[in-house]
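Trainee: Could we walk through this structure together?
Mentor: Happy to, let's take a look.

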Amino acid sequence: MPAFRQVGEKQLPQEIVFMAWSPKRDLIALANRAGEVLLHRLANFQRVWSLPPNENTGKEVTALAWRPDGKILAFGLTDTKRIILCDVEKPESLHSFSVDSSITYMHWMEVTEESTVLTSFYNAEDESNLLLPKLPALPKNYSTTAKIFSEEKSDEIMKLLGDVRLNALVLGGSSGFIEIYAYGMFKIATVTGVAGSCRGLCLSSDLKSLSVITEIQDSSDNAAEITYFQLDTSLLSSYLPEVTRMARKFTHISTLLQYIKLSLACMCEAWEEILMQMDSRLTKFVQEKNTTTSVQDEFMQLLLWGKASLELQALLMNQLTVKGLKKLGQSIESSYSSIQKLVISHLQSGSEALLYHLSELKGMALWKQKYESLGLDASGIEEAITAVGSFILKANELLQVIDSSMKNFKAFFRWLYVAMLRMSEDHVLPELNKVMTQKDITFVADFLTEHFNEAPELYNRKGKYFNVERVGQYLKDEDDDLVSPPNTEGNQWFNFLKDSTHIKESPLLFPYYPEKSLHFVKRQMEEVIDQCLQKPADIIGKSVHQAVYMSLYKTSQSEDSTPQLFKLPFLWNDKTSNIHYVLFTILENSVSKIYILRRHTDTSRSVSNGILAVEFGSFLNNSINDSSDSRCYSCLDAHFYDDETVTVVLKESVEQEGKERVLAQLPLSSIYTDEDQDRELIWDSTKRLDEQRGEILTRTVFLENQWRVLENMKAQYVSVNGIRKVSCVLSSNLRHVRVFEMDVEDDGEVEEEEEEEATQIAAGEPSEINQSADNQDNVCGASAEELPDETEEHESSLDP
């Protein structure tokens with residue numbers, strides 16, 4: 001009976017350039033050459049969703065990584081130099097950020113180190129949940145026809161916070177670029193001093209060291225040198241509780257910034273271009289009218305005497321129309337109401353929560369004994385708090401503008417609607433046909449005086465003479481000053497500040513930018529907070545230093561047709577024994593051996609059997625390979641299945657037609673024996689490892705039962721997940737995949753038995769056998785049919 005059960009196979013339309021199993025569920029993420037990111041289920045390799053390439057995010061995916069809880073998928077794009085964090089439930093970007101280099105590799109790990117301080121922090125309820133109101137869920141979309149937001153709400157943004165336990169996304173790129181992001185959001189380290197383009201990364205689960213594989217180009221012989229660096233990150237491990245608290249706080253801040261950004265996007269969606277209709281109609285009226293009377297005077301005459309010029313009548317009755325005025329009034333009221341609700345419920349709530357977390361962070365920064373070494377700066381955080389205060393002031397200003405605009409427009413449209421009905425000699429409803437009081441006339445006259453002044457300089461800036469609508473200018477994402485800033489003349493508070501120099505300069509007062517839009521102040525706030533976040537990353541990054549450097553081997557550029565992301569070496573961190581493993585292959589006499597390099601995460605400690613070579617002797621039976629005794633196998637790909645097993649794809653060293661590839665499990669116990677515990681390679685640092693391979697101990701392995709011939713498939717690469725006990729094999733043409741459950745034997749023989757039983761039944765066997773066969777068929781059928789349900793059960797468990 002073949003080892004491993006095949007549960008899916010598919011020919012894909014596009015070449016796959018990367019694949020990564022979810023750590024918690026039977027899902028595999030794929031990236032193809034077209035720039036598409038896909039999610040497939042284990043069962044029958046069924047597609048769950050696909051995220052097509054996007055002009056804004058990018059089209060060339062170069063790395064994939066899962067958050068340890070399996071709820072977020074990260075991928076890097078080299079053409080736009082962006083990192084996207086995507087929700088596993090649906091193909092939507094939750095968060096994205098730019099980096100300074102093209103990403104070539106990413107690794108997302110979870111810290112497993114335990115201490116009493118960390119345990120109490122993990123188990124303690126987040127105080128912000130007790131002291132702050134829960135942030136309202138964001139509306140899904142705005143209906144331009146119904147003029148309201150849909151009832152459906154979206155709280156996916158809060159998934160960015162994830163579990164309290166510290167996890168870190170490590171990014172590697174070209175030119176020695178390495179950055180570490182706590183919780184995938186907050187940059188805690190910018191690492192320098194590593195040469196070459198990153199080919200592999202592995203941050204140890206105790207945060208003591210970072211292993212890096214790089215490719216250094218050699219222009220002289222058109223070849224690349226593969227090197228191994230082990231970097232000491234002991235500052236992170238020494239201050240682990242402090243790093244965790246600081247990173248968690250910064251992650252709250254980053255999430256809130258994204259929440260505010262999305263809230264502002266909803267506000268912009270609620271504001272419609274139709275609201276600009278009054279400005280454009282009046283500008284056209286100015287350009288076409290023949291009289292010298294100003295627009296303001298035209299409307300004043302209509303207000304005071306009830307009579308309009310022929311030109312104004314044509315504007316109102318033919319262009320604006322009674323129906324159009326009514327529609328405009330409804331649009332303004334519904335749009336302004338939606339924006340007002342978003343400012344009060346979302347923007348202000350998010351800003352206040354941001355102030356809370358920044359204030360807590362400032363308190364942490366003042367505890368210098370704990371946090372000064374990590375680069376936490378109280379003065380920088382104070383500037384960030386001030387910037388958030390300025391943003392809150394601007395949001396309050398927008399509320400005042402909305403409130404006054406709604407009152408003004410309501411009175412103006414009510415008066416103009418009645419005046420236009422009278423012009424058209426239509427029936428005016430009794431409730432509308434009331435005599436305007438002097439107060440009403442004064443209110444409308446003030447509105448006309450303030451909003452209906454022709455401004456030639458405005459035409460040069462914006463192509464219009466009027467700015468009747470005052471809310472939209474706050475939502476424009478541009479650096480220009482507001483067209484109509486609020487009038488602060490006569491404001492007692494402003495006059496008081498103007499006369500009180502010392503109070504005006506007080507740090508307790510937030511700066512106010514009356515000339516700037518809400519978008520501008522928000523962008524300014526983000527820049528200040530980014531600067532505040534940058535210093536810890538610089539300080540921690542400078543503390544990281546090189547502990548070990550090894551030149552492994554040279555590789556030919558003829559391999560360029562192979563996707564970069566599939567090339568060995570492969571890095572693995574054994575969390576139990578705190579050991580880094582490096583897997584790579586070196587071709588020797590037409591046979592590719594696996595080399596396994598071991599390094600302790602504590603850079604001051606050595607590991608016995610630091611380097612071993614593994615070659616595979618014959619193990620296929622004679623029915624498949626008649627001359628198996630004289631055969632040996634080359635390793636095409638190798639990945640750690642778990643801490644004790646390596647999964648390999650093998651081929652016969654002498655390539656012939658009809659020779660099949662093999663998927664096999666290699667137990668480490670068959671390689672590392674007690675008799676070699678004291679054997680150490682005397683390393684010559686002036687030479688590459690491939691130049692010293694004669695000194696390296698070689699193990700010849702004969703696999704017994706944990707292997708399977710991959711028939712009718714030119715297998716080349718494998719991706720595995722020991723937690724879920726699954727693997728995915730990819731062919732050399734990058735389009736053909738097979739998926740296996742690794743701890744279950746194939747039920748091919750069971751099917752043969754069923755066929756025999758069916759034959760016996762047809763021959764007239766007793767009905768008990770028939771019943772037995774049916775039962776067996778039900779059991780076998782259930783084992784396959786229940787796979788999708790099991791996956792769906794895992795999916796539903798993600799819901800909060």
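Trainee: Among contacts between residues at least 6 apart in sequence, what share joins residues at least 24 apart?
Mentor: Keep in mind that this is a predicted model. The chain has 800 residues, of which 53% count as buried, and its secondary structure comes to 17 helices and 33 strands. Among the contacts between residues at least 6 apart, the share that joins residues at least 24 apart is 65%.

Trainee: Which strand gives the most to the lining of the second largest pocket?
Mentor: That pocket has a volume of about 1,200 Å³ and is lined by 46 residues. The elements that give two or more residues to the lining include strand E2 (16–21), strand E10 (103–110) and strand E22 (570–574). With six residues, the one that gives the most is E10.

Trainee: And how many residues of that pocket's lining are nonpolar?
Mentor: His107, Trp108, Phe570, Trp572 and Val720 are the lining residues nearest the pocket's centre. Across the lining, nine residues are polar and eight are charged, while the nonpolar ones number 29.

Trainee: How is helix H10 oriented relative to helix H11, roughly parallel or roughly perpendicular?
Mentor: The axes of H10 (residues 378–423) and H11 (residues 438–451) come within 10 Å and cross at roughly 110 degrees. Angles of 65 to 115 degrees count as roughly perpendicular. Therefore H10 is, relative to H11, roughly perpendicular.

Trainee: How many charged residues does the contact of H10 with H11 have?
Mentor: On the H10 side, the contact includes Lys407, Phe409 and Trp415, and on the H11 side Phe443, Leu448 and His451. By class, the contact has eight nonpolar and two polar residues, and the number of charged ones is one.

Methods: Residues numbered from 1 in each chain as written. Predicted model: local features only at pLDDT ≥ 70, side-chain atom pairs only at ≥ 80, totals over all residues. Heavy atoms only, no water. 1 Å grid on protein atoms, 1.4 Å probe; cavity = no way out; pocket = protein on both sides within 12 Å on 5 of 7 lines; lining within 4 Å. Points joined across faces, edges and corners; volume = space filled by probe spheres on them. Helix = DSSP H or I, 4+ residues; strand = E, 2+ residues; numbered from the N terminus. Nonpolar A, V, L, I, M, F, W, Y, C, P; charged D, E, K, R; others polar. Axes fitted to C-alpha atoms, helices over the stretch in contact; angles between N-to-C directions. Parallel < 35°, antiparallel > 145°, perpendicular 65-115°, else oblique. Contact = heavy atoms within 4.5 Å. Buried < 20%, exposed > 50% of the residue type's maximum accessible area, 1.4 Å probe, protein only.
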